[in-house]
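Below is a set of questions and answers on one structure, meant to be read beside the model.

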Amino acid sequence: MATQVSADTSDFIKNLGRMYGTYTGGFIGFIILLAIFEQVGVPNRVLGYLFVGFTILVYAVIGIMTRTAQISEYYVAGRRVPAFYNGMATGADWMSAASFVGMAGTLFLLGYDGLTWVLGWTGGYVLVSILIGPYLRKFGAYTVPDFMSFRFGGNFARGIAVIVLVCCSFTYVTAQVYGTGIIASRFLGMKFEIAVFAGLAGILLCSMLGGMRAVTWTQIAQYIVLIIAYLTPIVILSTKHYGIPIPQLTYGTAIADITAREQQLLATGLTTAAALKPHIKPFINYSAFNFFAIMFCMMVGTASLPHILMRYFTTPTVREARQSVAWSLFFIFLLYFSAPAYAAFSKLEVYTNIIGRDLTQVRPWLFQWGELGLIQICGKPAASVDAIVAACKAIAGHPGVVRLQDFVINTDVIVLSTPEIAGLPYVISGLVAAGGLAAALSTADGLLLAIANALSHDVYYKMLDPNAPTIRRLTVARVLLFFVAVAAASLAATKPGDILAMVGWAFSLAMAGNFPALVMGIWWKRTTAAGAVAGMIAGFGLCLFYLLVTRYFPGYGVKYFGMTSMLSPATGAPLVDIAKAMAAPNAMEIWPTLAHPLANKVGWFNLNNIACGLLGVPVGFAVIIIVSLMGKEPSREMQAYVDEIRKPRGRTILEEKT
Amino acid sequence: MGPTAVAGADYTTCNRPLRQNQTALVTLRATARGGDEPMAQSNDEVHWQKTTKLMLTHLGIWVFFGYIIHMFVVPLNYITIPILKFPLGFYMAAQGSLIVFVVMLFVFARQQDQIDREHGVAEDD
């Protein structure tokens, strides 16, 4: 029986290349088929449904075919995912709706300063590989809290690790479900609130049945869809404009053109020095300090996020875990080094074909987005020529041509509108929608799985009922998965706000809670249980405190904790007049909306609250070192285990009963 | 530790078949259980020293390409890459550092594996 199973598996692994090769070919064939449908007059709405419906169906079929009821398959995919494929799955796990749809838009708006996110979301993999990932693989955990519990004296450390995990993953997953809702509502014309729950059904189909195993093989399929969808429009655009199908090289010319055009706009009075933010000029949207602080937090956060670390528990060996981190970053890199090209091409199009044009002459692609309110000209949605002419007439002394300051674009539009800017058929737009959906679904799958595993394995099995039989553990995992997902969708349906900020908070929380304890647990044998627990509480607590006070209790921050106004990155002047804001009747309001004059605008050291992990991590390290040195050195036995973690050879420390 | 079977006693049961040229490893692995023999300890120590040194080297490269080079973005932007027309400071943040990170990770995986093999603590192929 055992040999039968392993023979099946090795066949399965050997055939991976052919399976996913066929799948990729099939997907391209499907795109061509839909392109033919479009030519013979099938309406766009139907094409959109076919694209989204077909891809979700494929993910669901893969999820059902690879479902499992075996514990080690459920939690770590049987530890036999080859490095290359695990890299692809991690890529899909990593790249979310925020990366796929939002990143290029952020770069469009922020120019150079947006690159803090590109750097921050790639450089962290260096830390994963050299400091943490391979050692956790050798340790043999199912979840990150497993390691904390073993190394740091049991269930108290486990409990704190679970709290950190749930806080950061839940913040993150809410942003994903929100992204799914936006894409589904825009391309399928569903109501946003309904689209959120429809997207949720797709997410659950993949992750509920087969745990890590099903999620892994589905994520690989999703990576293939998302990378084809992301690269196709700009490759075509680059070929059309520059004759070379490598947009990552040709957009340098676009940037040079943008810079020249910026000067031209200034010279012709189409913009003012105050309104223009030159594309390549650094530190005008974030201060240099915040630029590096955000980057540092995203990098260290990468190495602390449980849903990413657990992907490296699935490789067959420690050696492959390391290779797999390299492949992960390679697959992520393919998308991230293309995002600035999207931003540059879009910006050049806007600067040459919209700004400076007569109101009646602007390019018609923008009206579709104007109707949705995503592009505004002269303060009103740019739904048609008549609408923008009417809106601009209302402005005294308007010259009748679009000025830079008249034009407002929602960041989500950049990637989604590129096919139309390039004059491509609708089928490419449908492809991009399918790609965005794949990105959001795959990340949500990974996050929900991390949360459900922590609750079922760590809380239920390890802390509440250590004798629970396998079937009941898996049933609990699935039921919890369902409730967590519904909770996330309910929260997302209320549109809590800015996706990028929410994702940033998740990273900072993860890094403040996990990073010092993980690194010290592996790299310093002298780290004691008391030290690590105290360090986790202090680091995570400080980060959470800063986040909550600056966002939700800003008046109290000023009055009791000596917080001051954030400074404007361009001028260095305070963003708000604290004395005036504190005198206002709503100064001490708690849980205010973003419109509150102080919310997110106060802090210590002019530190953006997205980067609150920067406060938590040093405190975490310091507390771990001080408390550890005050206590007795860990047992000889524990130190021997740490030695074992450091050597790839030999059996894992933790062996689970199956 | 509850139902979790932790190495220790069952550690002896997990030996994988060893090849002829790996006799040296037998001693090493035996001492990994007891952990008292001085020669083996120093081998482990040297392995960990080299690992730490490699870690610090890569951490240094990471700091340089992640942070230090971007601190000089303003002067670097005066340099334009020929043909491609990218300002160098912008290019480093948009692509240059990313390429370094990817290459670095593949190199690291190979170097660490070499260290592991030299000291007989690598996994069987």
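Q: How many helices and strands does the secondary structure of chain A come to?
A: The model is predicted, so local features need pLDDT of at least 70 and side-chain atom pairs pLDDT 80 or more, while totals for chains, interfaces and linings use all residues. Residues are numbered from 1 along each chain as written, and chains are lettered from A and ligands numbered from 1 in written order. Helices (H or I, at least four residues) and strands (E, at least two) are DSSP runs numbered from the N terminus. For chain A the count is 26 helices and six strands.

Q: Why is chain A as compact as a globular protein of its length?
A: The radius of gyration is taken over C-alpha atoms, and the globule rule is 2.2 Å times the number of residues to the power 0.38. For 658 residues the rule gives 26 Å, and chain A is close to this, so it is as compact as a globular protein of that length, with a radius of gyration of 25 Å.

Q: What share of the residues of chain A count as buried?
A: A residue is buried if 20 or more other C-beta atoms, placed from the backbone, lie within 10 Å of its own, exposed if 12 or fewer, and partly exposed in between. Of the 658 residues of chain A, the buried share is 56%.

Q: How many residues of chain A are in contact with chain B?
A: Two residues are in contact if their C-beta atoms, placed from the backbone, lie within 7 Å. Leu105(B), for example, touches residues including Tyr125(A), Ser129(A) and Leu329(A). On the side of chain B, 46 residues take part; on the side of chain A, 48.

Q: At roughly what angle do the axes of helix H3 and helix H19 of chain A cross?
A: Axes are lines fitted to C-alpha atoms over the stretch in contact, with angles from 0 to 180 degrees between N-to-C directions. Residues of H3(A) including Phe51(A) and Tyr59(A) meet residues of H19(A), among them Gly430(A) and Leu441(A). The axes come within 9 Å and cross at roughly 35°.

Notes: Lists of a residue's contacts leave out its neighbours within four places in sequence.
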